[in-house]
Amino acid sequence: MTSLDQMQRDLDALGRQGRRRALRPIAGVDFSSNDYLGLARAPALRDAASNALARGVALGSGGSRLLRGNDGEHIALEAEAAAHFGSQAALFVGSGYAANTLLLATLPQRGDLVLYDALIHASTHEGMRLGRAEFRAFAHNDPAAAQDAIAAWRKQGGTGHVWIAVESLYSMDGDRAPLAAFDALAQREGAMLLIDEAHATGVYGAQGRGLADGMDRQAHAIVIRTCGKALGCEGALILCAAPVREFLINRARGFIFSTAPSPLIAAVVRASLMLLSGGQARQDRLHRLIDHAGRAWSAIGIDPSGSAIQPVVLGDAGRAMDMAHALQQRGYDIRGIRPPSVPEGGARLRITLTLNITEQQVTDLAACLKDLL
Ligand SMILES: Cc1ncc(COP(=O)(O)O)c(C=O)c1O
């Protein structure tokens with residue numbers, strides 16, 4: 001059997017399990033993007049891109065940041081981000097996936113322990129696999145379980161540094177982490193705390209500084225702020241202490257051996273941060289929409305998550321995909337999420353709220369869901 005035959009077999013098996021993925025053109029009302037503030041197509045960001053082009057900003061960086069690729073736009077963005085979020089330093093990389101992967105692959109050393117929330121994003125897993133430290137999961141959103149895991153590791157002779165990896169708002173459940181408790185734990189244990197703010201940056205906090213607002217400035221915290229969600233663009237900012245940035249520049253293979261992100265994109269991300277500084281109006285509108293949706297979900301027996309990510313857990317993967325299909329037929333862009341993206345038995349619809357939709361569309365969707373459920 002050739003490799004291609006083997007691939008075909010695997011794909012067929014995925015198909016039989018109802019798990020085969022496929023790319024489809026965009027269609028239907030947007031209840032699935034992470035463009036929370038509706039910035040991806042906003043005139044303000046289009047203008048920022050046109051202006052950047054007009055002043056000669058390059059489309060491509062032409063090389064690694066350590067070679068010819070260190071464009072003034074990257075430097076300006078990092079200075080703006082550090083000032084905006086109050087951190088000592090910032091490093092811009094191509095995506096949130098790259099950020100988590102290179103952080104976990106680079107920072108924890110042999111003899112260290114990485115403790116991660118059981119529901120942490122795949123990119124963190126990728127980094128831990130590439131890294132040198134031991135890694136162990138703790139129960140979702142449970143700082144006491146993390147504390148116990150540290151104690152058990154120390155008892156077994158663990159002497160290295162401890163790293164704790166959490167998200168501030170979980171991408172498939174829309175629930176928040178008890179960040180203050182994790183922060184206190186990290187301080188008590190002398191641990192480093194990695195906070196992935198992918199779904200909170202721009203959505204929460206004064207000027208969109210997220211649920212970890214204020215933590216970026218702490219030396220033991222490293223905050224990952226992706227730019228492809230509420231910021232409407234792409235890439236990710238790592239907010240950290242200056243030595244962490246220096247260490248990454250010197251040691252992170254995913255940074256060193258990769259072409260720097262587009263300077264044009266860096267310019268647009270900077271404009272997006274300036275929009276966040278300019279006022280809360282978009283954030284306030286999004287939160288009114290979340291409140292409206294919460295009432296609509298409650299009225300049809302769905303427990304509101306209280307955030308822009310609303311799961312409707314159906315359990316069975318086939319049922320979730322059938323339900324998503326039925327909603328798509330009615331003009332809604334809602335996707336079914338199956339294992340391994342969520343735990344076994346946790347297949348669901350993932351509904352997101354963005355400024356690309358109206359309260360009326362949420363009301364209509366709730367009526368449709370009620371019929372189908
Ligand atoms: C929690 C979380 N972290 C990281 C990522 C990856 O970010 P990016 O899409 O910028 O690669 C995502 C989403 O895709 C995410 O949901």
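1. A residue is called buried when its relative accessible area is under 20%, and by that cut-off Glu 73, at 8%, is buried. The model discussed in this note is predicted, which should be kept in mind throughout.

2. Strands of a sheet pair through backbone hydrogen bonds, either parallel or antiparallel. Here 7 strands make up an open sheet with mixed pairing, and their order is 2-8-7-6-5-3-4. Strand 2 (89-93) and strand 4 (134-138) are the edge strands, each of them pairing on one side only, and from one strand to the next the twist averages 20°.

3. Within this sheet, strand 3 (residues 113-117) and strand 5 (residues 162-167) run parallel and are joined by 4 bridges; Leu 115, for instance, has Ile 164 in strand 5 as its bridge partner. Helix 5 (residues 122-130) packs on the sheet, where it touches strand 3, strand 4 and strand 5, and its direction makes about 165° with that of strand 3. Helix 8 (residues 242-251) also packs on the sheet, touching strand 2, strand 6, strand 7 and strand 8, with its direction at about 35° to that of strand 2.

4. Glu 167, which is found in strand 5, deserves a careful look. This residue is buried yet has no salt bridge, and the nearest side chain of opposite charge, that of Arg 350, is 8.6 Å away. A polar atom of the Glu 167 side chain does, however, lie 2.8 Å from the backbone nitrogen of His 121. Leaving aside neighbours within four places in sequence, the contacts of Glu 167 include Leu 119, Ala 177 and Asp 196.

5. Side chains of opposite charge can pair when their charged atoms come close. The whole structure holds 12 salt bridges, and one of them joins Arg 270 to Glu 73 at 3.1 Å, N to O. This pair links distant parts of the chain, since Arg 270 is in helix 10 (residues 263-278) and Glu 73 in helix 3 (residues 72-85), 197 residues apart. Arg 270 is buried as well, with a relative accessible area of 17%, and a network of salt bridges links Arg 55, Glu 73 and Arg 270.

6. Which residue forms a salt bridge with Asp 173? The partner is Arg 348, with the closest N and O atoms 3.1 Å apart. Asp 173 lies in the loop between strand 5 and helix 7, whereas Arg 348 is in strand 12 (residues 347-352), so the pair ties together parts that are 175 residues apart in sequence. Asp 173 is partly exposed at 24% relative accessibility, while Arg 348 is buried at 4%.

Conventions:
Residues are numbered from 1 along each chain as its sequence is written. This is a predicted model: local features need pLDDT of at least 70, side-chain atom pairs count only at pLDDT 80 or more; totals for chains, interfaces and linings use all residues. Side-chain values use heavy atoms; hydrogens and water are left out. Two strands pair if DSSP finds at least two bridges between them. Helices (H or I, at least four residues) and strands (E, at least two) are DSSP runs, numbered from the N terminus. Axes are lines fitted to C-alpha atoms, for helices over the stretch in contact, and angles run from 0 to 180 degrees between N-to-C directions. Contact means heavy atoms within 4.5 Å. Buried means under 20% relative accessible area, exposed over 50%, partly exposed in between (1.4 Å probe, protein chains only). Lys and Arg count as positive and Asp and Glu as negative; His and the chain ends are not counted. A salt bridge is a side-chain nitrogen of Lys or Arg within 4 Å of a carboxyl oxygen of Asp or Glu. A polar contact is a pair of N or O atoms within 3.5 Å; within protein, one must be able to donate a hydrogen and the other to accept it, and residues adjacent in sequence count only if both atoms are side-chain atoms.
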